[in-house]
Amino acid sequence: MTETKQLTLPVTGMTCANCVATVERGLKKQAGVQAAVVNLSSERATVTFDPAAVGLPDLIARVERAGYGVATGEADLVIKRLADDNDARRLEKALLKLEGVLEAQVSVAAERARVRYVPTVVSQAEIRAAVSRSGFEAVELGGVAEDAEAKAREAEIRQQRRLLIIGLIFTVPLFLFSMARDFGLFGMWAHADWVHWVMLAFATPVQFYVGGQYYVGAFKALRNGSANMDVLIAMGSSVAYLYSLPIVFGWLDGHVYLETAAVIITLIRLGKFLEARAKGRTSDAIKKLMGLRAKTARVVRDGAELEVATDDVRVGDLVLVRPGETIPVDGVVVDGRSAVDEAMLTGESLPVEKGPGDPLIGATLNKLGLLKFEATKVGKETALAQIVRLVEEAQGSKAPIQKLADQVSAWFVPVVIAIAALTFAGWYFFGPPLPVNADINGFTRALINLVAVLVIACPCAMGLATPTAVMVGTGKGAEMGILFKSSEALERAGRVNVVVLDKTGTITKGQPAVTDVVVGRQSLVASEELLRLAASVEKGSEHPLGEAIWAEATTRGLTLSEPAGFQAEAGAGVSAEVDGRAVSVGNLRMMEARGYPLNGLAPEVERLQSEAKTAMLVAVDGSVRGVIAVADTLKDGSVEAIAELHRMGLKVAMITGDNRKTAEAIAKQVNIDIVLAEVLPEGKSEEVKKLQVGTSHVGTLHVDTLERGNVQTWKPVNVVAMVGDGVNDAPALAQADVGIAIGTGTDVAMAAAPVTLISGDLRGVARAIRLSRRTLRTIKQNLFWAFFYNVILIPAAALGFLNPMLAAGAMAFSSVFVVSNSLRLRKTKI
């Protein structure tokens with residue numbers, strides 16, 4: 001199988017959905033590229049390719065050929081230990097081998113290295129590490145390493161602002177003069193021929209300097225066989241400008257429309273500037289997350305305490321963190337005790353107690369004591385870096401709801417040009433006759449309406465409707481400790497109507513403890529001995545129930561024996577030989593399958609199960625001698641979380657391998673609708689599938705009811721969310737429409753589910769679904785506005801109800817409306 005790679009490129013110069021399609025098409029034409037997804041809101045292209053067939057320079061060349069740019073950064077490093085020119089050449093070669101480095105120049109005389117790189121592919125920290133590996137030392141020039149991509153975006157916004165100001169300087173006087181002249185506020189001198197030349201002098205810089213980008217963009221789009229927003233603006237403004245030239249030159253009589261051309265370009269430039277600024281705010285959540293990271297770390301090396309950049313912390317370093325300081329990287333506490341505030345990553349408001357052996361997450365805040373810990377994950381491996389990467393991937397992916405906008409955008413511009421041509425023909429050949437004293441003729445009237453159609457059409461709003469809402473939604477989720485790994489997961493979670501909760505570790509703490517040890521009346525084994533034998537068998541078990549029995553025996557100080565011939569039966573129990581006796585520990589099903597007599601313990605089993613305890617029968621030498629009851633306690637917030645899901649109109653199911661009575665006792669405590677009990681691990685995905693087939697039964701629904709199929713209200717309409725630990729429940733999480741993994745704040749990327757709750761708080765499920773619903777509602781509002789705007793206003797312009805300048809204003813602010821509506825999500829209380 002061919003090895004594939006994935007890279008993310010920060011693309012500059014995109015303005016609408018057609019730009020996205022042009023870049024995607026251009027990248028896909030490159031031999032070796034397997035997939036390309038471009039996001040207008042984040043302005044990034046994610047490319048999957050065969051590295052043997054294509055490289056980064058080829059991809060950048062493709063983007064540039066399509067008429068767009070790739071944001072790059074420059075690192076200026078002071079290099080120590082350069083001896084001669086050979087060292088400089090060797091370092092240059094080493095730097096150019098780094099993926100993401102485009103140019104590298106090393107000067108021996110200046111002892112400096114200048115590196116041009118793509119910031120989404122390689123970081124300055126990795127460049128400095130490559131310098132170190134080559135045997136040299138890169139010295140930082142002070143300050144924080146710049147965010148090259150952000151710098152490129154800011155330069156783009158500055159350029160937009162500069163062009164807007166120039167446009168306003170020329171357009172405002174031109175527009176005011178033109179309007180005043182039309183209303184007769186000036187004398188006859190205002191209609192002199194030389195005045196037209198002055199108006200042309202004001203309009204020309206706007207047309208070709210302020211609006212130059214639209215001509216370049218239009219040319220490149222047409223060269224690539226597509227048409228975008230630039231084509232419409234260039235055509236619309238050029239028609240007004242070029243029509244006015246014969247009148248300025250005195251070849252024809254009539255009214256000049258130079259102010260119309262200038263106002264069109266300046267208003268659209270204003271809209272684009274406001275849109276760029278607003279788009280920048282959609283990624284605020286990511287910037288906030290990245291800003292949590294400590295800039296420096298205090299490490300102990302060779303017995304000395306040093307302050308180094310966080311990027312320079314190595315795995316295995318001993319790191320010191322004082323009260324009030326941010327923990328720089330992930331690690332494990334070696335010495336000291338403290339409370340750590342993890343709210344910024346997990347959403348948990350209460351500080352977590354930490355002591356020797358406890359894990360620490362980078363970017364969290366040490367509250368009380370001095371901690372010494374060993375760094376276990378640094379750089380891109382830290383929990384924070386993984387979270388940022390996951391959120392960026394989600395923001396860069398395309399939601400299914402966006403497909404309609406993409407399909408419309410593909411033919412939108414050609415259709416608009418066709419409508420504009422028909423508009424001109426209709427008004428010119430079939431328009432109502434003009435009054436005798438009219439200022440314009442039929443040709444001019446047809447031309448004005450053609451310009452209005454070209455300028456009013458807005459593919460930008462359609463292109464931005466989905467990605468801006470997804471960016472804000474996923475960012476807000478990350479702030480709340482909810483990670484959506486794709487925009488598809490974010491969209492689908494909003495449609496969920498059934499939530500399936502795994503019992504152990506999700507509803508309950510997953511840390512069961514022994515509550516009862518019951519021996520039969522005629523048992524030859526005392527309760528302590530029964531516990532000792534059972535614990536000896538469970539010694540090698542990793543099952544939570546087995547660990548609880550082992551822990552209880554250890555707490556009581558019992559001496560355990562080494563088991564021989566240990567065997568585990570999935571979903572049933574375990575058995576082994578202990579001190580020459582055959583001992584089995586398992587459920588009722590296991591004992592009945594082996595034909596072991598229960599010796600009158602059946603009523604005890606029933607009593608314990610009715611109390612929501614799991615009864616583990618212990619058989620010695622082929623006969624059941626006692627029962628050990630183990631109970632799991634409810635997690636804090638489980639009752640509240642399930643009540644909130646009910647308030648949102650969702651059905652809640654619980655799935656467990658426990659017996660029916662134990663499961664129903666737990667279900668009663670938390671008010672579960674559907675109980676799926678005695679389900680083996682491999683059967684969980686099958687039960688999820690059955691729920692997807694659907695039932696609208698309101699009461700408690702047992703698994704045997706589903707199997708018999710006697711519920712008459714089955715409908716294939718259920719969208720099912722499965723909530724589990726992401727490892728044991730992987731098949732069920734994959735089968736569900738939305739898999740939600742309960743995390744622990746670390747290894748978030750390891751979860752098999754498209755949604756991860758970092759904190760492990762069940763209340764996060766309701767928050768995730770509510771956030772998804774709000775995001776979906778915002779996307780629908782945006783799409784409705786984008787389509788409604790075009791469907792209503794293009795015909796209005798074609799029928800002559802819109803002046804081209806008003807059309808330009810409406811077009812400029814339609815995309816600003818969409819982005820602003822998405823930004824409202826940031827302030828929504830979830």
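The protein has 28 helices and 30 strands, in a model that is predicted. Along its principal axes, the C-alpha trace spans about 120 × 80 × 50 Å. Of the 830 residues of the protein, 53% count as buried, and the protein exposes about 36,000 Å², of which carbon and sulfur atoms supply 57%. Among contacts between residues at least 6 apart in sequence, 69% join residues at least 24 apart.

Strands of a sheet pair through backbone hydrogen bonds, either parallel or antiparallel. Antiparallel pairing is found in an open sheet of six strands, whose order is E20-E25-E24-E23-E22-E21. Strand E20 (513-519) and strand E21 (564-569) stand at the edges of this sheet and have a single partner strand each, so one side of each is left without a neighbour in the sheet. When direction is ignored, neighbouring strands of the sheet are turned by 20° against each other on average. Within the sheet, strand E22 (residues 573-578) is paired with strand E23 (residues 581-586) in the antiparallel sense over six bridges, and serine 575 has serine 584 in E23 as its bridge partner.

A further antiparallel pair is formed by strand E6 (residues 101-107) and strand E7 (residues 112-117), which are joined over six bridges. Here the bridge partner of valine 106 is alanine 113 in E7. The hairpin of E6 and E7 has four residues between the strands, and in this hairpin glutamate 111 takes a positive phi near 55°.

Strand E28 (residues 720-724) runs parallel to E29 and is joined to E29 by four bridges, with methionine 722 standing opposite glycine 739 in E29. E29 also pairs in the parallel sense with strand E30 (residues 755-757), over three bridges, and in this pairing isoleucine 742 stands opposite leucine 757 in E30.

How values were computed:
Residues are numbered from 1 along each chain as its sequence is written. This is a predicted model: local features need pLDDT of at least 70, side-chain atom pairs count only at pLDDT 80 or more; totals for chains, interfaces and linings use all residues. Side-chain values use heavy atoms; hydrogens and water are left out. Two strands pair if DSSP finds at least two bridges between them. Helices (H or I, at least four residues) and strands (E, at least two) are DSSP runs, numbered from the N terminus. Axes are lines fitted to C-alpha atoms, for helices over the stretch in contact, and angles run from 0 to 180 degrees between N-to-C directions. Buried means under 20% relative accessible area, exposed over 50%, partly exposed in between (1.4 Å probe, protein chains only). Contact means heavy atoms within 4.5 Å. Accessible areas come from the Shrake-Rupley method with a 1.4 Å probe; for residues, only the protein chains shown count as cover.
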